[in-house]
Structure formats: C-alpha cells, structure tokens
Amino acid sequence: MLHQRHDFSSTEDQIYGMWWHPTGTRFWLNSNDSTILGLAEYRTSAPWDLTNIKRHKVTAVANLDSRNTDLSTVSYTNLRSIRWKPDGTRFYMMGFDSSPTYGDLYEFHTTGSLFDASSGVLVNILHPNLALSSQGVMGFEFTGDGSQLFVGYISGQQIFQWELMSPWDISSAKPKNQV
C-alpha cells in the first residue's frame, strides 16, 4: 500500500541513491542532475514523513576538496548510492570515474558539522573490482560497525564482501568472499 509520495522531478533528475538520517528528519538524495552531480539534502517537518519536506542544501561533489594530490584529478559521473558513517564524520558514494570503465567507491571526511556533506574532503578511493571483476558497480552497504563492506555488480548478479581492517576506512579493504 502506497502511503505517501513526493514528486522530485522539479528539483532532481536521475536519482540514484538515498540515505535517511536515523532520526527521520533529514535525508540525502544522490542525484545525477546536470546542475548538481552530487547530493541534495532534504529536511522533513515530522520524522519519516514526506508530507512537508524542504530542500535544505545541494552539494556538487566535484566542488568538494581533494587535499590529497593523487585524488585531485578524479571526475565524477554516474554517481550512485550514498551512505553515512553513523556518527556523521564520513560519507561514501559510489560512481564511475572518467578514466576506468568500472566503478569506484569514494570516501569523504567531513570537516565542518556532523552530517555536513558540503564540508566533505575526498580522502580515499576504492577500486572494488580491480582484482575481482570487470563488471560495473551498482551499490554498496556497510555492516553496522563498519568492519565489512558489500559491493553489488550490474552484470553477473554478484555481491563481493570486503573486510575493513580499520572500520569505516576503505583504504584498509581486503577481499573476503564473492557470492
């Protein structure tokens, strides 16, 4: 049964991901809209209620800081999925960058307020299928404690499991299983 619906067509185009804050009072949409290519944060007037929502902030991912020089040439296309570390200090996005033909997972650290994507600094990129597959990445999920990462692929209907030697740090990812 459909309870509520909100039409985002006037503000977002090509929504490829969504993440809700645990309080239900805000959420982020991962948009490939040509004017955004990043995240749009929305606020709700009541928890988990789409009746009265407002677009709060838009963050163009390409404009975020890349302080680490080896990451500064990344260009972002086909962004998919958004996940936040539960404490709001990091967020992650999946996308296809312009040089490889496969997907990458981007890790950003926030330098401002918690859950403030506009203060994100790109710190790590995981090329999750370099050694495992040539298939495009479609989505990802972390375990609650950030010790494991699961990555789904478009073709082959496969999910790969990664162990994070340091929780929530994708630079410490080691392949574990393929299902």
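# A guided tour of an all-strand model

Across this predicted model, the mean pLDDT is 80, and 75% of the residues score at least 70. Colour the structure by confidence before selecting anything. Among the strands, β5 has the lowest mean confidence, at 79, while β3 has the highest, at 90.

**The whole chain**

Switch to a cartoon view and display the entire protein. The protein contains 12 strands and 0 helices. Following the chain along its sequence therefore gives the pattern β-β-β-β-β-β-β-β-β-β-β-β. Of the 179 residues in the protein, 50% count as buried. Consider also the contacts between residues at least 6 apart in sequence: 39% of these join residues at least 24 apart.

**First stop: the sheet of β1 to β4**

Select strands β1, β2, β3 and β4. These 4 strands form an open sheet in the order β1-β2-β3-β4, with antiparallel pairing. Its edges are β1 (15-20) and β4 (53-60), each of which pairs on one side only. From one strand to the next, the twist averages 20°. As a general point, strands of a sheet pair through backbone hydrogen bonds, in either a parallel or an antiparallel manner.

Which residue of β3 stands opposite arginine 26? The answer is arginine 43.

**Second stop: the salt bridges**

The model has 6 salt bridges, and three of them are visited here.

Begin with arginine 43 and glutamate 41. Their salt bridge brings the closest N and O atoms to 2.8 Å apart. Is glutamate 41 buried or exposed? Glutamate 41 counts as buried, because its relative accessibility is 3%, below the 20% cut-off. Arginine 43, by contrast, is partly exposed, with a relative accessible area of 31%.

Next, select arginine 83 and glutamate 141, whose side chains meet in a salt bridge at 2.9 Å from N to O. Arginine 83 belongs to strand β5 (residues 76-84) and glutamate 141 to strand β9 (residues 137-142), so this pair ties together parts that are 58 residues apart in sequence. Arginine 83 is buried at 16% relative accessibility, whereas glutamate 141 is partly exposed, with a relative accessible area of 38%.

Then select aspartate 87 and lysine 85. The side chains of these residues also form a salt bridge, at 3.5 Å from N to O. Aspartate 87 is partly exposed, at 34% relative accessible area, and lysine 85 is buried, at 17% relative accessibility. Salt bridges with shared partners also join Arg26, Glu41 and Arg43 into one network.

Select serine 81, which is placed in strand β5. Serine 81 is buried, with 8% relative accessibility. What does serine 81 touch, leaving aside residues up to four places away in sequence? Its contacts are Tyr16, Gly17, Asn30, Tyr92, Met93, Met94, Met138, Gly139 and Phe140.

Select strands β7 and β8. The two strands pair in the antiparallel sense over 6 bridges, and leucine 105 stands opposite leucine 126 in β8. Of the 7 residues in β8, 5 are buried, so this strand is largely enclosed by the rest of the structure.

Finally, select serine 119 in the loop that runs between β7 (103-110) and β8 (120-126). Serine 119 counts as buried, at 11% relative accessibility. Where does the side chain of serine 119 reach? That side chain reaches the backbone nitrogen of glycine 112 at 3.0 Å. Not counting residues up to four places away in sequence, serine 119 touches His109, Thr110, Thr111, Gly112 and Ser113.

Key
Residues are numbered from 1 along each chain as its sequence is written. Side-chain values use heavy atoms; hydrogens and water are left out. A salt bridge is a side-chain nitrogen of Lys or Arg within 4 Å of a carboxyl oxygen of Asp or Glu. Buried means under 20% relative accessible area, exposed over 50%, partly exposed in between (1.4 Å probe, protein chains only). A polar contact is a pair of N or O atoms within 3.5 Å; within protein, one must be able to donate a hydrogen and the other to accept it, and residues adjacent in sequence count only if both atoms are side-chain atoms. Contact means heavy atoms within 4.5 Å. Two strands pair if DSSP finds at least two bridges between them. Axes are lines fitted to C-alpha atoms, for helices over the stretch in contact, and angles run from 0 to 180 degrees between N-to-C directions. pLDDT is the predictor's confidence in each residue, from 0 to 100.
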